[in-house]
Amino acid sequence: MKSYDIVIVGGGPAGLAAAVAAKKAGNDSILILERDHELGGILNQCIHNGFGLHTFKEELTGPEYASRYIDQVLELGIDYRLNTMVMDIAPDKTVTAMNREDGMFTVPAKAVILAMGCRERPRGALNIPGYRPAGIYSAGTAQRLVNIEGYMPGKEVVILGSGDIGLIMARRMTFEGAKVQCVAEIMPYSGGLKRNIVQCLNDYNIPLLLSHTVVDIKGRERVEGVTIAEVDGNMKPIPGTEKFYSCDTLMLSTGLIPENELSRSAGVAMNPVTSGPVVNESFETSIEGVFACGNVLHVHDLVDYVSEEAAKAGEHAAAYVANGREEAAEDITVTAKGGARYTVPSTVSLDRLGDLLTIRFRVGAVYKDAFVSVYLDDERVTHQKKRIIAPGEMEQVILKKEQLTSHEGLKNITVTVETE
């Protein structure tokens with residue numbers, strides 16, 4: 001296999017946007033490696049609308065959004081290989097992959113962009129009592145079965161977890177004639193976007209049971225029903241609150257995890273909160289010339305933000321190939337404090353920073369009438385009031401470079417949530 005300047009692992013929304021941006025930044029030697037049989041990633045099975053409002057200023061379905069970027073990849077003549085699994089990324093950025101046509105092969109690269117997306121948390125991580133009957137699906141698997149394969153998982157459904165895919169599948173299954181009994185969520189708040197709660201549950205009179213979880217599954221060959229109980233502040237079921245729901249299908253929508261086995265094996269430093277790589281302002285990981293973007297970095301709520309971050313990663317990868325890594329002053333640390341759980345990026349170099357710094361983060365609880373504050377060392381420079389801040393929706397703050405450069409000797413940027 002010939003060498004490429006930039007190898008992108010993943011042909012979903014992040015990988016596509018990174019490839020297009022790198023090409024437009026002047027790099028003509030780009031290869032996308034995608035394990036599925038087509039480009040587009042998870043968007044191909046997301047046939048609902050709501051995509052593209054930020055990026056294209058219009059409402060699109062997932063496949064329509066993906067096609068906008070796929071068309072650009074084709075028009076720009078960017079190379080890609082489908083049905084190809086990446087096995088390893090060596091310290092010198094040589095990528096080892098395999099497919100049926102080429103067998104095992106290596107691609108020497110000058111820069112690598114990690115864009116593998118995320119996966120669903122499996123049932124085994126939930127420790128639900130009961131047998132292992134047919135009829136238990138992750139929400140994403142059920143979505144693929146219905147929207148791409150044309151199969152109905154069941155007719156009576158209970159959904160555990162209120163992540164966005166689960167909320168959307170509650171509506172989708174209702175459209176297809178199934179009865180969705182309820183959505184149970186162990187936390188006292190939903191893990192999905194507010195608009196999805198309204199449009200997918202409230203509009204169809206589907207109950208959302210907060211602080212509830214499945215404590216038992218009935219059925220040996222096929223799911224016959226589940227028992228749901230209320231939980232206390234320690235997430236322990238409260239005796240006497242159990243209620244049985246008859247169903248033939250249990251869908252799990254209990255969170256997404258960045259797909260980072262490849263990143264870890266390559267030696268990339270990981271953030272224990274996001275389970276994604278630690279990156280700087282250029283979306284470069286701890287390994288020089290290896291970048292990360294999209295849901296492999298941290299799980300997003302909007303694909304528009306995935307594309308935005310990926311485009312920047314592609315631009316920076318192209319700049320790295322052209323100029324190498326520019327020597328810079330000591331990095332500034334970006335810290336999450338208080339209600340903020342993490343920040344992306346984790347470090348910033350003013351020498352490599354553009355005109356604006358966008359810091360994205362999520363909170364660990366629901367806050368009402370609180371403030372998002374930013375401190376440059378000990379000086380508070382942002383104090384923005386928010387009516388509600390919830391874990392299911394990603395937040396961001398945007399700082400001007402001149403704000404940072406005018407603060408002499410800046411060592412730390414802190415993002416926090418304050419009640420007053």
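## K386 and the salt bridges

K386 counts as partly exposed, at 22% relative accessibility (partly exposed sits between buried, under 20% relative accessible area, and exposed, over 50%, with a 1.4 Å probe and protein chains only). Its side chain meets that of E395 in a salt bridge, 3.2 Å from N to O, and E395 itself is buried at 10%. A salt bridge here is a side-chain nitrogen of Lys or Arg within 4 Å of a carboxyl oxygen of Asp or Glu. Keep in mind that this is a predicted model: local features need pLDDT of at least 70, side-chain atom pairs count only at pLDDT 80 or more, and totals for chains, interfaces and linings use all residues. Residues are numbered from 1 along each chain as its sequence is written, and side-chain values use heavy atoms, leaving out hydrogens and water.

By that rule the count comes to 17 salt bridges. Among them, E176 pairs with R172, with the closest N and O atoms 2.8 Å apart; R172 is buried at 16%, while E176 is partly exposed at 39%. E149 and R144 also pair up, at 3.6 Å, and here E149 is partly exposed at 40% and R144 partly exposed at 28%. R35, R119, E259 and E261 are linked in a network of salt bridges.

## What's packed inside

The largest nonpolar core has 65 residues, and I6, I8, I89 and L114 have the most contacts inside it. (A nonpolar core is a set of buried Ala, Val, Leu, Ile, Met, Phe, Trp, Tyr and Cys residues joined through side-chain atoms within 4.5 Å.) Helix α7, residues 303-323, supplies the largest share of this core, nine residues. Helices are DSSP runs of H or I, at least four residues, numbered from the N terminus. A second, separate core of 21 residues includes V348, V363, V374 and I389.

Q143, in helix α3 (residues 139-149), is buried too, at 2% relative accessibility. Leaving aside residues up to four places away in sequence, Q143 touches Q45, C46, H48, I148, I165, I168 and M169, where contact means heavy atoms within 4.5 Å.

## Cysteines

How many disulfides are there? The count comes to zero, taking a disulfide as a pair of cysteine sulfur atoms within 2.5 Å. For C200, the nearest cysteine sulfur is that of C46, 12 Å away, and C200 is buried at 0% relative accessibility. C293 is also in no disulfide, with the sulfur of C118 nearest at 13 Å; C293 is buried, again at 0%.

Methods:
Helix = DSSP H or I, 4+ residues; strand = E, 2+ residues; numbered from the N terminus.
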